[in-house]
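Hello,

Here is the structure I promised to pass on. Have a look at it first, and then read my notes below.

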Amino acid sequence: SPTVTLWFDSLSGTDDSDAADSDHGTFNTLMDTGHKFYGLMDQYLNSRSLGTAYYGLQDFAVKTKLKLSAANTLKVDLHHFETQTGMDGDSDTLRTADGLPGNIGDDLGQEIDLTFAHKYDANTMISAGYAHYFTSYTHAVLNGSGGGGDSDSGDDQDWMFVQLDLKF
C-alpha cells in the first residue's frame, strides 16, 4: 500500500532585527538527527551552523513509501530547501556584515533520496540508498564554494550507502 506524506518544517533563522537587539534567533537542534527529517545527505546539521549560516531552514518535502512485497519496501523522498530568513530586506545588514553578494536568494537547493529495504528475517534488515543534492547558488555561497558569480556553482553531490541491521 503506497503512502504519501506532504512535509513542511521551518527552523527559525537570525535576521536584521535579531542582530539589532543582540538576539540569536536561529533554532538550535542540540542533538541533531537531521538526516531523518531533512534528507539523507545531512546538509543541514547544527555542527555546521545548520548549513545555512544561521539564516534558518525551511524544508518542503514529499515523502513516499511503497511496500513492494512482504519483505521489500521502496522509499522516495523529494526535498526543496530555502532559508527561513528572507535573503532580501530581512537580512541586508547581516549579509553585508557576512560579506555575502547582493544577488543571493532564499533557494538552498533540492534533494532526492531513494531507499530500498529488504527484511531478510525478523532480526535482519538489508538497506541500500542513493541521494542526490542539486546545489543552488545560495547553498554554495553559504557553505564556502560559491564565489561571487551569478550562476549556480555546479557542485551537485551524490551519496550512496548499503546497511546491514542485525538484532541480537
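Strand β6 (residues 157-166) gives the largest share of a nonpolar surface patch, three residues. Helices (H or I, at least four residues) and strands (E, at least two) are DSSP runs, numbered from the N terminus. This is a predicted model, where local features need pLDDT of at least 70 and side-chain atom pairs count only at pLDDT 80 or more, while totals for chains, interfaces and linings use all residues. Residues are numbered from 1 along each chain as its sequence is written, and side-chain values use heavy atoms, leaving out hydrogens and water.

The patch consists of Tyr120, Ile126, Val162, Leu164, Leu166 and Phe168, together about 770 Å² of accessible area (Shrake-Rupley method, 1.4 Å probe, only the protein chains shown count as cover). Its residues have over 30% relative accessible area and no salt bridge, with nonpolar side chains joined within 5 Å; a salt bridge is a side-chain nitrogen of Lys or Arg within 4 Å of a carboxyl oxygen of Asp or Glu.

Tyr120 lies in strand β4 (residues 107-121) and counts as exposed because its relative accessibility is 58%. Tyr137, in helix α4 (residues 137-142), counts as buried at 7%. The cut-offs are under 20% for buried and over 50% for exposed, with partly exposed in between (1.4 Å probe, protein chains only).

Now the sheet: six strands form an open sheet in the order β1-β2-β3-β4-β5-β6, with antiparallel pairing (pairing needs at least two DSSP bridges). β1 (3-11) and β6 are the edge strands, each pairing on one side only.

Best wishes

How values were computed. Patches are made of residues with over 30% relative accessible area and no salt bridge: like charges are joined within 9 Å, nonpolar side chains (Val, Leu, Ile, Met, Phe, Trp, Tyr) within 5 Å.
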